[in-house]
Amino acid sequence: VPPDDPLRCSVSLFGTMDLGRLETAHTRAMAWLLDAREHGFGHRLLEALLLHLNTREREVRDIRVGRVQAEYAVACYSKDEGAGRIDILAEGDWTVGRSHRSWRLVIEAKIDAEE
């Protein structure tokens, strides 16, 4: 990301609420935007993101979202790690040509992490 990119802007909505460094505030807000339950956008934002990220399937249509969940708990298989979490998990299916395929989107947010 170039140094003058808006993603590197030091001003943030969460910063004004003293939540700028709180990763869960960012991931819950992002999950809320991607989910269709409350805001009235439906799944349009998630569909646009999926189509933007999709580089292999050119004929995607009929995107269906099964779930969007923030702070999705996962079991770790190492004795030292215990339980973990995925910041945002979204799953569903879509039609490509004549076939139905499942998709899964996993977002791991990092606050203050280097690229």
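Before I start, one cut-off for my notes: buried means under 20% relative accessible area, exposed means over 50%, and partly exposed is in between. I also jot down that this is a predicted model.

**Entry: Arg64 and its partner**

I looked up Arg64 first. Its relative accessible area is 32%, so by that cut-off I put Arg64 down as partly exposed. Then I checked what Arg64 pairs with, and found a salt bridge to Asp93, where the closest N and O atoms are 2.6 Å apart. Arg64 sits in strand E1 and Asp93 in strand E2, so this pair ties together parts that are 29 residues apart in sequence. Is Asp93 buried, exposed or partly exposed? I get 25% relative accessibility for Asp93, so Asp93 goes down as partly exposed.

**Entry: the sheet**

I find 3 strands in an open sheet, ordered E1-E2-E3, with antiparallel pairing. Which strands stand at the edges? They are E1 (60–75) and E3 (99–107); each has a single partner strand, so one side of each is left without a neighbour in the sheet. Neighbouring strands here are turned against each other by 20 degrees on average, direction ignored.

Next I looked at how E1 meets E2. Strand E2 covers residues 83–96, and its antiparallel pairing with E1 runs over 12 bridges. I picked out one of these: Val74 has Gly84 in E2 as its bridge partner. I then asked what helix H2 does here, and it packs on the sheet, touching E1, E2 and E3. The direction of H2 makes about 155 degrees with that of E1.

**Entry: other salt bridges**

How many salt bridges are there? My count comes to 8 salt bridges.

I looked at Glu71, which forms a salt bridge with Arg85, the closest N and O atoms being 3.0 Å apart. This pair links distant parts of the chain, with Glu71 in strand E1 and Arg85 in strand E2, 14 residues apart. Arg85 has 36% relative accessibility, so I list Arg85 as partly exposed. Glu71 and Arg85 also belong to a network of salt bridges that takes in Glu23 and Asp87.

One more pair on my list is Glu108 with Lys110, whose side chains meet in a salt bridge at 3.1 Å, N to O. Glu108 is partly exposed at 43% relative accessible area, while Lys110 has 52% and is exposed.

**Entry: around helix H2**

Back to H2, which spans residues 23–34 and includes Leu33. I checked Leu33 and found a relative accessible area of 34%, so I call Leu33 partly exposed. Which residues make up the nonpolar surface patch with Leu33? They are Trp32, Phe41 and Leu45, and the patch, Leu33 included, has about 360 Å² of accessible area together.

Last stop was Asp35, in the loop between H2 and helix H3 (44–53). Is Asp35 buried or exposed? Its relative accessibility is 11%, so Asp35 counts as buried. I looked for what Asp35 touches, leaving out residues up to four places away in sequence, and wrote down Gly42, His43 and Val68.

Terms used: Residues are numbered from 1 along each chain as its sequence is written. This is a predicted model: local features need pLDDT of at least 70, side-chain atom pairs count only at pLDDT 80 or more; totals for chains, interfaces and linings use all residues. Side-chain values use heavy atoms; hydrogens and water are left out. Patches are made of residues with over 30% relative accessible area and no salt bridge: like charges are joined within 9 Å, nonpolar side chains (Val, Leu, Ile, Met, Phe, Trp, Tyr) within 5 Å. Accessible areas come from the Shrake-Rupley method with a 1.4 Å probe; for residues, only the protein chains shown count as cover. A salt bridge is a side-chain nitrogen of Lys or Arg within 4 Å of a carboxyl oxygen of Asp or Glu. Helices (H or I, at least four residues) and strands (E, at least two) are DSSP runs, numbered from the N terminus. Buried means under 20% relative accessible area, exposed over 50%, partly exposed in between (1.4 Å probe, protein chains only). Two strands pair if DSSP finds at least two bridges between them. Axes are lines fitted to C-alpha atoms, for helices over the stretch in contact, and angles run from 0 to 180 degrees between N-to-C directions. Contact means heavy atoms within 4.5 Å.
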